[in-house]
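My notebook is open and the model is on the screen. I am jotting down what I look up as I go.

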Amino acid sequence: MDRTVIVKNENQTWNSQNSSLLSYFVLSDEDFVYPKLDFSTPFFLDGITLVIFKEGECRIKINLKEWHIKKNTLLTIFPGSLLIPIEKSDDLKIEFLFFSIDFFSNWDIVPGLDIERLENHLILEEKQINDILEFHSFILKRYKNNMQLHRDELIKSLLNGFIIELTSIYQQNLNDNVPPQISKNRKALLFKHFIQLITKYHTKERRVSFYANQMCITDKHLGQVIKKASGKLASDWISYMTILSIKASLCHTQKTILQISEDYNFPNPSFFNQFFKKHTGLTPKKYRENH
């Protein structure tokens, strides 16, 4: 079954069937008019997205980490990532390639690929970006050719080559793009691990002790490390991630308040309302009405 990806905001809905679509795969089309995303609300991506920045710049948070992204950047965003758009320039132009989780689980595209190593962004040379865009354009042309024999098989083979090409670029650039001080700073590494854990478990766990146990350190040590590394309490980061995630659910799903409350493991809707209002000043219902 073809997969439809929808991005909604206050003014319009983007349906991936408007761009080139194979099963579980979306490729941007230069003839497609990109939606003006609502920069006031966070949202989730439920697949792997590769974004090529052709022109302009933007600032965006991905799983609480802020990125200032400029021209000639290749960005990888992974399933379940929480995105918070902050601002963008008027001349921003991108191309993207989206794969659902099913696409990767049903097809061993790159045997032995350690996908976690790709979770960063790379600033590339002009020639590298142009090569990627040419490959992207070639796949799109082949897909649009309805007279192409064995089109689906050809597109899958081209996608295979495209991903291998991108993987090669990442592997070549990975070491050069990791600042040495980060690899040597234990506090920074623990903080990064903590953020990864709350990104993964915040819908079910809001206890600091749970994350300390996951990291094999004491609650006190975790609290001290997070405070020194970020200036915030560990509990504040957990609440912050939870609130952003709830906002995304309120704005971009049709779930009821009760269903969202259950998704985030609150004992009852009343406690859910109190938690949300404490951190936002609004009830979940009022927040949804306003956005």
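I started with helix α5 (residues 186–201): its 16 residues, at 1.5 Å a residue, should span 22 Å, and the end C-alpha atoms are 22 Å apart, so the two agree. The expected span is 1.5 Å times one less than the number of residues. For the labels, helices (H or I, at least four residues) and strands (E, at least two) are DSSP runs numbered from the N terminus.

Before going on, I noted that this is a predicted model, where local features need pLDDT of at least 70 and side-chain atom pairs count only at pLDDT 80 or more, while totals for chains, interfaces and linings use all residues. Residues are numbered from 1 along each chain as its sequence is written, and side-chain values use heavy atoms, with hydrogens and water left out.

Which residues of α5 are buried? I found L190, F191, F194, I195, L197, I198 and T199. Buried means under 20% relative accessible area, exposed means over 50%, and partly exposed is in between (1.4 Å probe, protein chains only). These buried residues pack against α6 (208–214), α7 (219–230) and α8 (234–252).

I followed α8 next. Its axis and that of helix α10 (residues 269–280) come within 11 Å and cross at roughly 105°. Axes are lines fitted to C-alpha atoms, for helices over the stretch in contact, and angles run from 0 to 180 degrees between N-to-C directions. α8 and α10 are therefore roughly perpendicular to each other, a label that covers 65 to 115 degrees. Where they meet, α8 brings S239, T242, I243, I246, K247 and L250, and α10 brings F272, F275, F276, H279 and T280; contact means heavy atoms within 4.5 Å.

α8 also lies across β5, β7 and β10 (81–88), at about 85° to β10. I then looked up the sheet: it is open, has four strands in the order β5-β10-β7-β8, and its pairing is antiparallel. Its edge strands, β5 (43–45) and β8 (65–69), each pair on one side only. Neighbouring strands here are turned by 35° against each other on average, direction ignored. Two strands pair if DSSP finds at least two bridges between them; β7 (residues 58–62) and β8 have five, in the antiparallel sense. I62 stands opposite K65 in β8.

How many of the nine residues of strand β6 (residues 47–55) are buried? Seven are, so β6 is largely enclosed by the rest of the structure. β6 pairs with strand β9 (residues 73–77) in the antiparallel sense over five bridges, and F53 stands opposite T73 in β9.

I checked E95 in strand β11 (residues 93–100) too. E95 counts as buried, because its relative accessibility is 6%. Its side chain makes a polar contact of 3.4 Å with that of K54. For such a contact I need a pair of N or O atoms within 3.5 Å; within protein, one must be able to donate a hydrogen and the other to accept it, and residues adjacent in sequence count only if both atoms are side-chain atoms.

**Two loop residues with positive phi**

C216 sits in the loop between α6 and α7, with phi near 60°, positive though the residue is not glycine. C216 is exposed, at 72% relative accessible area.

N265, in the loop between α9 (257–263) and α10, has a positive phi of about 65° and is not a glycine either. N265 is partly exposed, at 42%.

Definitions and conventions: Parallel < 35°, antiparallel > 145°, perpendicular 65-115°, else oblique.
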